[in-house]
Amino acid sequence: MSNNVIAIDGPAASGKGTVSKAISEKLQFNYLDTGKLYRAIGAKYLEGYEPISAAQNLDNNDLKIYDLQKPEIAQVASEIALIPEVRAALLQFQRNFSKKLPGAVLDGRDIGTVVCPDAKVKIFLTASLDSRASRRYFELVKQDTKISLETILDQIRQRDERDQKRRSSPLVAAVDAKVIDTSDLSIKEAVDEVFAYVRSKI
Ligand code: C5P
């Protein structure tokens, strides 16, 4: 029997991380933010490591030592995410995680389409570019990062384009994913809507 896997995909700042964490806590499932893997390889690349071998040798410490929330790391993460060998190297790490009991929530771009195509629940969270950019802006301002809303809009637009247009595992909703637009939802409303859907499936 396949494990309880919940795949939550969507573009940058669509609310995936917050919602996925909340769902994993409600169900007491394991949670993996797969963007962190790409960000860690991006951080290593900025330090001079070759990205394919960094991905092949990724260990849990890499996920702890860098400040992975930095906007410049997000940008370089979406560049190294274009490399098919990097994606292939990270695939096994993600699939192994998805087997953890009693279940796992994974969020990313290609979880429902490539990493866990047999996931019991697939959700594609989306939101307008403006609402995603302003959410990310307020998050970063709270952490004292000095950045303008225009710069964030621009960075998210570029990442969306790279993520959607790449040849290897592009960002796209799985045909059997439930698409939820969070533009006009509060965090609580988004979590409640996703949780109700998950409950109808598991
Ligand atoms: O989700 P997050 O914004 O942290 O992801 C950073 C970048 O990593 C994304 O813009 C995307 O290019 C890449 N990524 C990916 N596949 C995933 C998760 C993240 O390509 N499953």
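1. A polar contact here is a pair of N or O atoms within 3.5 Å; within protein, one atom must be able to donate a hydrogen and the other to accept it, and residues adjacent in sequence count only if both atoms are side-chain atoms. By way of sources, this is a predicted model, in which local features need pLDDT of at least 70 and side-chain atom pairs count only at pLDDT 80 or more, while totals for chains, interfaces and linings use all residues. Residues are numbered from 1 along each chain as its sequence is written, and side-chain values use heavy atoms, with hydrogens and water left out.

2. On the ligand, a polar side-chain atom of R109 lies 2.9 Å from one of its oxygen atoms, and for R159 the corresponding distance to a ligand oxygen atom is 2.8 Å. A nitrogen atom of the ligand is 3.0 Å from an N or O atom in the side chain of T34. Taken alone, the ligand exposes 450 Å², of which the protein buries 97% (accessible areas come from the Shrake-Rupley method with a 1.4 Å probe, and for residues only the protein chains shown count as cover). There are 15 residues around the ligand, and R39, R87, R109, R159 and D163 come nearest (a residue is near if one of its heavy atoms lies within 4 Å).

3. The sheet is open and has 5 strands in the order β2-β3-β1-β4-β5, with parallel pairing. Strands β2 (30-33) and β5 (178-181) stand at the edges with a single partner strand each, so one side of each has no neighbour in the sheet. Neighbouring strands are turned by 20 degrees against each other on average, direction ignored. In these notes strands (E, at least two residues) and helices (H or I, at least four) are DSSP runs numbered from the N terminus, and two strands pair if DSSP finds at least two bridges between them.

4. Strand β1 (residues 4-9) runs parallel to β3 (residues 103-108) and is joined to it by 6 bridges; in β3, D107 is the bridge partner of I8. Helix α1 (residues 16-27) packs on the sheet, where it touches β1, β2, β3 and β4 (121-126), and its direction makes about 175 degrees with that of β3. Contact means heavy atoms within 4.5 Å; axes are lines fitted to C-alpha atoms, for helices over the stretch in contact, with angles from 0 to 180 degrees between N-to-C directions.

5. Helix α5 is mostly covered, with 8 of its 10 residues buried (buried means under 20% relative accessible area, exposed over 50%, and partly exposed in between, with a 1.4 Å probe and protein chains only). Its buried residues are P71, I73, A74, Q75, V76, A77, S78 and I80, and what covers them includes α2 (35-46), α3 (51-56), α6 (84-98), α8 and α9.

6. Which side chain does that of D62 meet in a polar contact? The partner is K44, at 3.3 Å. D62 is found in helix α4 and counts as buried because its relative accessibility is 5%; not counting residues up to four places away in sequence, D62 touches A40, K44 and N57.

7. Two loop positions may also be checked. K70, in the loop between α4 (62-65) and α5 (71-80), is partly exposed at 37% relative accessibility, and its C-alpha atom is 8.3 Å from that of T145, 75 residues apart in sequence. S148 sits in the loop between α8 (129-142) and α9 (149-165) and is partly exposed at 28%, while its side chain makes a polar contact of 2.7 Å with the side chain of T151.
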